[in-house]
Each structure stands twice: as C-alpha cells, then as structure tokens.
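Subject: Structure for you

Hello,

Here is the structure I promised to send. Please open it first, then read my notes below.

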Amino acid sequence: MGPPAALHKARQLLDSYSSLPKVLVLDLDYTVWPYWCEMYSPSDKPPGLYPEAGAIIDACRERQMLVAAASRTPTPDVARAFMQKLGLDARFDNIQLIPAANGYDSHSAQKDTCHLPNIRQATGCEYSSMLFFDDERGNVSRLGVCSVLVPTSVGLCLKTFKEGLDKFAAQQQQAL
C-alpha cells in the first residue's frame with residue numbers, strides 16, 4: 001500500500017470523475033517500479049515501487065476497477081517474483097508477463113498484439129473501457145485503449161494518473 005496521503009488523494013481523484021475505466025492496465029518496468037526487473041535475480045530484494053503507484057492501484061481496486069499488468073520482459077519469472085515480494089500479485093486481476101528477447105524486442109510480444117487482446121479476453125472488457133499507462137512511447141495503443149505515457153523519472157504518480165483520468169473522460173465524452 002502507498003503512503004496514506006497518496007491513497008487519500010487517489011481516492012479523491014477517482015471520486016471527482018463520473019466516468020471511470022473498468023480496467024487499469026499498467027506496464028511494470030519504469031511505470032510501477034523504477035528499474036528493469038531483468039537487471040536483478042528473483043533472490044534479490046526488489047528496490048520497491050514508485051512512491052505513489054501502490055496507492056493508485058489500491059484506490060482503483062477500492063472502486064471495483066480491475067487492475068492488469070502488461071509487461072514485455074526477457075525475465076517473466078523475475079517480474080512475477082518481484083510482484084509477489086512487493087505484494088502486487090494479489091492486487092492485480094490479470095497479469096500478462098510475456099517474454100521477449102530483451103525489453104525492447106520489437107519483433108515479439110507487443111502491447112497491441114499480445115497484452116491488451118489477452119487482457120480484453122480475460123476480463124471481458126472492451127478496449128474503450130481500459131486506461132493504460134506505459135513508459136514507452138511506442139506502446140501507445142492503436143486499439144482504442146486510452147493510453148498515457150509515464151515519465152520514467154516519477155513513474156505512475158498522482159499527476160500522471162490525473163492526466164490519464166482526464167484523457168479517459170474526454171474520450172468517453174467524444175464517444176457519446
């Protein structure tokens with residue numbers, strides 16, 4: 001769980017929107033945590049989450065929003081081990097850890113062709129009801145998923161979360 005002040009602010013943010021996503025989709029490396037998990041082994045103590053990421057996840061879960069991980073990684077076993085060590089595995093409803101030769105392997109597991117379709121199938125939620133945060137510009141979705149670029153210096157933070165909720169609300173309004 002994140003700091004109490006961050007959790008309170010995340011709750012307030014969610015309360016200020018009439019239309020919320022059904023699924024919060026998060027990349028892991030440099031979005032939820034400030035490192036590439038392949039730089040560590042499962043026996044290492046994970047460095048931790050970005051300061052506000054856990055609070056945002058918890059606030060979304062309190063609002064009955066599904067939370068999904070969409071991570072392309074050469075070490076899915078390490079990512080899963082770190083999720084367990086950080087208590088994230090129980091806070092995610094769907095986890096897509098798809099192997100790649102390296103984190104930037106553009107020929108394998110892409111968010112649009114693998115992760116997001118798998119999440120859609122598993123959750124039964126349409127792309128238009130998803131809000132996706134990722135630190136890689138190339139992973140912005142072309143499927144109609146509201147996608148937000150996360151600055152790696154701060155990761156998923158309240159400011160970026162608000163930007164995402166604003167963008168999602170605007171897309172929902174345009175769809176009417």
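**What I found**

Along the sequence, the protein chain runs α-β-α-β-α-β-α-β-β-α. It holds 5 helices and 5 strands; these are DSSP runs numbered from the N terminus, with helices (H or I) of at least four residues and strands (E) of at least two.

Two notes on the source. This is a predicted model, where local features need pLDDT of at least 70, side-chain atom pairs count only at pLDDT 80 or more, and totals for chains, interfaces and linings use all residues. Residues are numbered from 1 along each chain as its sequence is written, and side-chain values use heavy atoms, without hydrogens or water.

The chain has 176 residues, and 50% of them count as buried (under 20% relative accessible area, 1.4 Å probe, protein chains only).

Now the helix pair. The axes of H1 (residues 4–15) and H2 (residues 53–62) come within 8 Å and cross at roughly 45°. Ala6, Leu7, Ala10, Arg11 and Leu14 of H1 meet Ala55, Ile56, Asp58, Ala59, Cys60 and Glu62 of H2 (contact means heavy atoms within 4.5 Å). By class, that contact has 8 nonpolar, no polar and 3 charged residues.

Last, Glu136. It sits in the loop between strand E4 (130–134) and strand E5 (146–149). Glu136 counts as buried because its relative accessibility is 18%. Its side chain makes a polar contact of 3.0 Å with the side chain of Arg72 (N or O atoms within 3.5 Å, one able to donate a hydrogen and the other to accept it).

Best wishes

Definitions and conventions:
Axes fitted to C-alpha atoms, helices over the stretch in contact; angles between N-to-C directions. Nonpolar A, V, L, I, M, F, W, Y, C, P; charged D, E, K, R; others polar.
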